[in-house]
Every structure is written in C-alpha cells, then in structure tokens.
Amino acid sequence: MGALANQSFVKMNGIGNEIVVVDLRAGASKIEPAEAMAAASPAGAPYDQLMAIYPPRTNGTDGFIRIYNNDGSESGACGNGMRCVASIVFEQTDKDALTFETNAGLLNCWKAENGLYTVDMGKPRFAWNEIPLAEEFRDTRAIELQIGPIDKPVLHSPAVVNMGNPHAIFWVDDVNAYDLAKFGPLLENHPIFPERANITLAHIVSREHIVIRTWERGAGLTRACGSAACATAVAAARLKRTERKVRVTLPGGELTIDWRASDDHVLMTGPVQFEFAGKFDPKLFEKAPAP
C-alpha cells in the first residue's frame, strides 16, 4: 500500500508555506512520487512540501529528513518546513538544539526568542557547476538570462545561488507588477537550469529590508519559501546592496536572515503555526497518479 496509507500527519505552515509532517521513524518506508502527489491532492492534505522524518543515518543527529514537493519531486532544503519539524521534535525532547540530516547536508535548529525557531541553512554555493548551471558563468552575481524582447526584456540578469536548492533572483521595483504564475514555469524549466530552479522576484527596500515573491520549483506559487529568502539575502549582500542581516518580507509573513560573517552560514529565524492533525485514508493511494 505504500508508506503513507493510514499514516498520521500534522498539517502546519511556516508564514504561509504549507507544510505536512509525517513521522516515519517507526517504519522507514520510502515515499514514492505517486504517493506524495496523492497526499497533496484535495482529498488528502494539500501542501507545498511534505517533510518525512526518518531514523538517523548519522551518529549525533536527531533524524534524516526527506523533503517532497507537491509534484512528487524531492527537494534538498526547505527552511520553513525544517522549523515545523524542529518544533515537533522539540516538544518530544528536552533538548535545546537539534541536528537533522537532509539531502543538502546537516542542518542545526534551535529555539529563538518570542516563540520563534532558527535553522542554520549552511553555506551558500556560488560556483556555476554547484548551482548547477548548464554552462559556465564566472560571475554568478548576474547571469545572462532574460524573458521578453531582447531590446526590452521583462526580467533579466538574475543572481543565482544554491541554498540547498538552485535559486535565481531577479531584481525588480515591484514584486507584484509581474505575472509570476506565467513567467515562473518558463524560468523554472529553462535549459540553463538542468535541475530546474526556484524563481524569485526581489525588491530591495533598504539595506535591512527586502520584499520577495517566489515561484517554487516543484510546488508553484507559494506564500513563503525559506531557502529563497536565504538565497535572496545572500545575493543582495554579495552585490553590496544590503547588510548581511536583513528582514525579508514574503506574502505570508516575515523572516530574519543572517548571513553570519564568522563562518558564512545562513541563519533563518521565523515562526511556525499548527493547523490540524490527521491520518491519510488508504483509499487515497489505491489509484495514485503516475509521477
């Protein structure tokens, strides 16, 4: 029947980023793409990302996390989802800090002030083959990519960063002035991105404040994308347009992003919200859609 039939889940959100968390530490079956898609259907628990907690693979960690997008594909990182996972595991333990392993590496989490949670998203990567891109660009602070007429492009010259996932950030004056639902899929699947990419529109309000909207790879338009907020903050600081610590406003709320100078790690701090708990109906997976 698969990993999710009769499986309990918790529906949460991180500033509007819709998250489902399933605890598979007692039974470590891998979730197949068709199952993940079925779970995200209206009859299931619609989500942007599904966070599956598995037993630790590495000594000293609190679990291995697989992250699924609602199209069944896997993601390397989801900062908003990691805060949701951390909040659940913190309630089960008396620990002050947690370490999880993901396909993007180890992520440390801890409680912050005022009921917030911080996730250490690790170091950003900037080399063209680390993002990855299909061709070499020596300077990834701005690459040759545009949408629209050559002489008057609608969007152009994005910064690109790998923050556990590939990200492209376009600098604009108004993030709501563009049809991101139209341009997002085209840019996500552009041949320059062999592993597809998250597409973000970013407006720099001040040296301490950025506003963004994101088309998320494998999930579509989202009210919040934590790794996109991190990637945007890093890209802006690389261009000397902001400080290394900024407030990022997303459609669903705000995050504080600190690109720590001491070790280049990116710290993301924000809230989580519990919505409801449930259990997946086995009938949901009897005719799971093909991936």
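In this predicted model, lysine 11 has phenylalanine 276, in strand 19, as its bridge partner. That pair belongs to the antiparallel pairing of strand 1 with strand 19 (residues 273-279), which runs over six bridges. Strand 1 also pairs with strand 2 (residues 17-23), again in the antiparallel sense, through five bridges. Glycine 14 is part of this second pairing, and its bridge partner in strand 2 is asparagine 17. Strand 1 is largely enclosed by the rest of the structure, because five of its seven residues are buried.

The link between strand 1 and strand 2 deserves a look of its own. The two strands make a hairpin with two residues between them, and isoleucine 15 takes a positive phi there. The phi value is near 45 degrees, and the residue is something other than glycine. Isoleucine 15 sits in the loop between strand 1 and strand 2, yet the residue is buried, because its relative accessible area is 8% and the cut-off for buried is under 20%.

Who are its neighbours? Setting aside residues up to four places away in sequence, glutamine 7 touches Val22, Asp23 and Leu24, along with Gly278, Lys279 and Phe280. Two of those names, Val22 and Asp23, fall within strand 2, which covers residues 17-23. Gly278 and Lys279 fall within strand 19, which covers residues 273-279.

Strand 6 (residues 97-102) lies antiparallel to strand 7 (residues 105-111), with six bridges between them. The hairpin of strand 7 and strand 8 has five residues between the strands, and asparagine 114 in the turn has a positive phi of about 60 degrees. As a reminder for anyone reading side chains off the strands, they alternate between the two faces of the sheet in a regular strand.

A few backbone details turn up in the loops as well. The peptide bond that runs from isoleucine 131 to proline 132 is cis, with omega near -10 degrees. Proline 132 belongs to the loop between strand 8 and strand 9 (146-147). Aspartate 264 has a positive phi near 70 degrees, and it is not a glycine either. Its place is the loop between strand 17 (253-259) and strand 18 (266-270). Is aspartate 264 buried or partly exposed? With a relative accessibility of 33%, aspartate 264 counts as partly exposed, whereas isoleucine 15 is buried.

Alanine 197 is another loop residue, found between helix 3 (180-188) and strand 13 (198-206). Its relative accessibility is 0%, so alanine 197 counts as buried. Which residues does alanine 197 contact, leaving aside neighbours within four places in sequence? The contacts are Pro166, Glu188 and Arg217. Of these, Glu188 is the residue at which helix 3 (180-188) ends. The C-alpha atoms of alanine 197 and alanine 168 are separated by 6.7 Å, although the two residues are 29 apart along the chain.

Stepping back to the whole chain, the secondary structure comes to four helices and 19 strands. For 291 residues, a compact globule would have a radius of gyration near 19 Å, so the chain's 18 Å agrees with that. The C-alpha trace spans about 55 × 40 × 30 Å along its principal axes. Buried residues account for 53% of the 291. Among contacts with a separation of 6 or more, 62% are between residues 24 or more positions apart. Carbon and sulfur atoms hold 48% of the accessible surface, which comes to about 12600 Å². As for charge, there are 29 positive and 35 negative side chains, and the centres of the two sets lie 1 Å apart.

Terms used
Residues numbered from 1 in each chain as written. Predicted model: local features only at pLDDT ≥ 70, side-chain atom pairs only at ≥ 80, totals over all residues. Heavy atoms only, no water. Rg over C-alpha atoms; globule rule 2.2 N^0.38 Å. Buried < 20%, exposed > 50% of the residue type's maximum accessible area, 1.4 Å probe, protein only. Contact = heavy atoms within 4.5 Å. Areas by Shrake-Rupley, 256 points an atom, 1.4 Å probe, with all protein chains shown as cover. Lys, Arg positive; Asp, Glu negative; His and termini not counted. Charge placed at Lys NZ, Arg CZ, Asp CG, Glu CD. Pairing = 2+ DSSP bridges.
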